[in-house]
Amino acid sequence: MIDFLEKWSFFGGSILLILIGLYGVITRKNLIKIFIGLSLMDTGINVLLVSLGYVKGGFAPIITSTINNNSYNFVDPIPQALVLTSIVIGVAVLALGLGVIIKIYEKYNTLDISKIRGLKW
Amino acid sequence: MNFRKILALMTVILLGIFILQAFLISPEKGEIALNNFGKADIENRTAQLYIDKSVNSPNEEVIYKESKDKESGSANIVTSIVANYRALDTLGEVTVLFLAATGLSAILYNKKHAKNNFVVKEGSFILKNGIKILFPLLILAGSYIIIYGHLSPGGSFQGGAVIATALLLKLLSSKEYELDENKLKAIEVTAGVSFVSIGLYGLYAEGSFLTNFLETGTIANLFSGGIVPILYITIGLKVAVELTNIINDLMKA
């Protein structure tokens with residue numbers, strides 16, 4: 001059981017998180033809920049990237065007084081550095097999207113995408 | 001369950017099978033697969049060069065508080081990637097955050113600035129008095145996380161977020177509290193300009209943009225890492241101010 005969880009929880013869990021976010025984006029009609037779905041997808045992708053660099057029993061890539069040289073078994077630091085970038089860009093996109101949502105609400109007085117006339121063709 | 005939801009569920013499940021089958025291969029050594037989880041082959045990845053601090057220099061041992069003048073002097077390897085090896089990426093990242101903050105204030109710009117749609121209620125007794133104790137402590141914690149970013153977990157983005165949280169609490173606690181936007185802009189511009197000018201000095205002194213032109217010192221000392229702590233302080237200030245600007249704009253919208 002533990003073995004199964006160890007194998008599946010990171011890749012399987014992060015893919016599940018991406019899919020839940022995608023399902024939310026497809027089915028919800030409220031703009032705020034769509035953005036919650038997008039940010040779930042964002043989190044799932046970040047978890048997937050970090051778990052690609054995981055080493056079983058590995059240490060965090062910091063040289064400290066106990067882990068004091070480079071021959072220890074470290075986890076991969078590059079995905080962590082890239083995910084740091086990705087988190088910040090996620091925050092930026094979320095903030096900009098919420099700003100646009102505020103303007104849409106001021107113009108149409110609704111957040112329901114099926115009632116916003118500008119989105120129909 | 002109407003037809004739309006069933007269709008969406010089917011699409012999502014199909015996509016999930018497609019993504020999962022990439023991980024279900026029978027792995028060879030070093031390949032990424034479910035069976036191989038937790039066995040990432042770090043020794044044959046670029047990461048090992050960063051851990052050994054030997055991208056351009058010969059491979060030697062890195063020892064806590066003993067190794068001197070390595071190619072990158074910060075004990076936190078993630079920091080040495082973010083602010084030294086891939087500092088240009090970080091410059092781009094800060095630019096994205098800056099563009100988002102600027103774009104947000106452009107979108108939400110309102111000529112009738114006096115009229116607030118989102119009226120902040122006067123904070124409760126606990127919030128108002130608790131923030132008086134918490135505010136300096138949060139600023140202190142944020143600064144510590146930024147300044148020790150090259151030695152311990154954390155760094156400029158995390159510390160900047162903590163400082164922005166302190167200012168958010170201050171904004172929530174009272175109606176009258178207003179941030180001086182000109183001062184914020186001055187801090188942001190100074191931080192951004194000093195980041196780029198450190199990079200340009202590297203171009204002048206060593207021949208490429210954002211090169212480390214200072215001595216890297218002994219690993220795990222506070223004054224080590226060359227330009228890494230200086231860059232991290234500028235990024236930290238910039239992130240703190242930009243996140244505060246975003247919060248401020250959204251609250252006044």
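In the predicted model, the contact between the two chains (heavy atoms within 4.5 Å) takes 58 residues from chain B and 50 residues from chain A. Local features need pLDDT of at least 70 and side-chain atom pairs count only at pLDDT 80 or more, whereas totals for chains, interfaces and linings use all residues. Residues are numbered from 1 along each chain as its sequence is written, chains are lettered from A in the order in which they are written, and side-chain values use heavy atoms, with hydrogens and water left out.

About 4,800 Å² is buried between chain B and chain A, taken as the accessible area (1.4 Å probe) lost on putting the two parts together, summed over both. Carbon and sulfur atoms give 76% of this area. In chain B, the most area is lost to chain A by B:Leu34, B:Phe37 and B:Tyr64, together 14% of what that side buries.

One salt bridge is counted between the chains, the criterion being a side-chain nitrogen of Lys or Arg within 4 Å of a carboxyl oxygen of Asp or Glu. B:Arg45 forms a salt bridge with A:Asp76, with the closest N and O atoms 2.6 Å apart.

The largest nonpolar core has 55 residues; such a core is a set of buried (under 20% relative accessible area, 1.4 Å probe, protein chains only) Ala, Val, Leu, Ile, Met, Phe, Trp, Tyr and Cys residues joined through side-chain atoms within 4.5 Å. Among the members that touch the most others are B:Ile42, B:Phe157 and B:Ile235. Not counting residues up to four places away in sequence, B:Ile235 touches B:Thr90, B:Val94, B:Ser156, B:Phe157 and B:Phe195. Apart from this core lies another, of 13 residues, including A:Phe11 and A:Met41.

Key: Buried means under 20% relative accessible area, exposed over 50%, partly exposed in between (1.4 Å probe, protein chains only).
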